[in-house]
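Subject: Structure for you to look at

Hello,

Here is the structure I said I would pass on. Please open it before reading the notes below.

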Amino acid sequence: MQHSSFEYKKWNHSDNIEMFSSVNETDYFPFHFHDYYCISLITGGTEQLDTPDENFYALTGSVSVTQANEVHKNRAIDSSGYSYKTLYVNPDLLKFYGTGKKPERLERVINDGILAGELSNLFGGKSTLANFQTVLKRLTRYATSEKPVVENRFELLDELCATFPYQSVSLDWLSKQFCMSKFHFVRVFKAAKGISPQAYMMLKRLKIAKEMLLNNQDPRHVAFMTGFYDAAHLNTAFKRFFGITLSMIKKSS
């Protein structure tokens, strides 16, 4: 039986760009989102990318794209698993290296042998600033004019997470802030965001926690300040949603 393995890296250039790779991945993460693009070179097997509305497939050698702030989950199509190398790209970087306009979206699955080779080189040790720039410039060729659906009805949750990341907020209290019953609030929120309010707040808190860890703050303090019981609870959440651990984050800082 093959076992999966993970690797996480961060470089102190190109907006502290991050990379994550996995070999023989068979698990899948629950629905989640990132505020950056996930550019994944599929190095083995086939990836299935699910959004609340659509499913996509990326074969070995292709480049799979998850849009910034898109609710999604990735998985293998069968028990044989799949392997990938992912580059996390801030939308502002693509704006800088493109036409000066931030792309609305990128093509979903890119079949470009040159781009695949350039991404492979980054993970193979050729992670210079010049090589990153080459990849980013080539990615801008695949920008599309399709605009994502923007839902601003629930900005209160973003404010709560940013201002009080440690605060425990009940579903009953949240639904009252929007003058809805609890069950109607959950249904409307999931229809708008593609994810439950609890999971949404969890992901926002994990983003804050990650920034704190990358600034070399103590994991126990980070856990307390972002509403987790302890460092072990925070570690479990990172592993569940992103496949990385506190030690992997700390080593990259």
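Which strands and helices each supply at least two residues of the lining of the second largest pocket? They are strands E1 (5-10), E2 (18-25), E3 (37-44), E6 (63-66) and E8 (82-89), and helices H1 (91-97), H7 and H9. Helices (H or I, at least four residues) and strands (E, at least two) are DSSP runs numbered from the N terminus.

This is a predicted model, in which local features need pLDDT of at least 70 and side-chain atom pairs count only at pLDDT 80 or more, while totals for chains, interfaces and linings use all residues. Residues are numbered from 1 along each chain as its sequence is written, and side-chain values use heavy atoms, without hydrogens and water.

The pocket

H7 gives the largest share of this lining, seven residues. In total 41 residues line the pocket, and Glu18, Asp35, Tyr36, Tyr88 and Lys210 lie nearest its centre. (A pocket is an open set of points on a 1 Å grid over the protein atoms alone, where a 1.4 Å probe fits, with protein on both sides within 12 Å along at least five of seven lines; lining residues have an atom within 4 Å of a point.)

The helix pair

H7 (residues 197-214) and H9 (residues 231-242) pack at about 110 degrees, with axes 11 Å apart. Axes are lines fitted to C-alpha atoms over the stretch in contact, and angles run from 0 to 180 degrees between N-to-C directions. That angle makes H7 roughly perpendicular to H9 (65 to 115 degrees). The contact (heavy atoms within 4.5 Å) includes Met202 and Lys210 of H7 and Leu234 and Phe238 of H9.

Regards

Conventions. Parallel < 35°, antiparallel > 145°, perpendicular 65-115°, else oblique.
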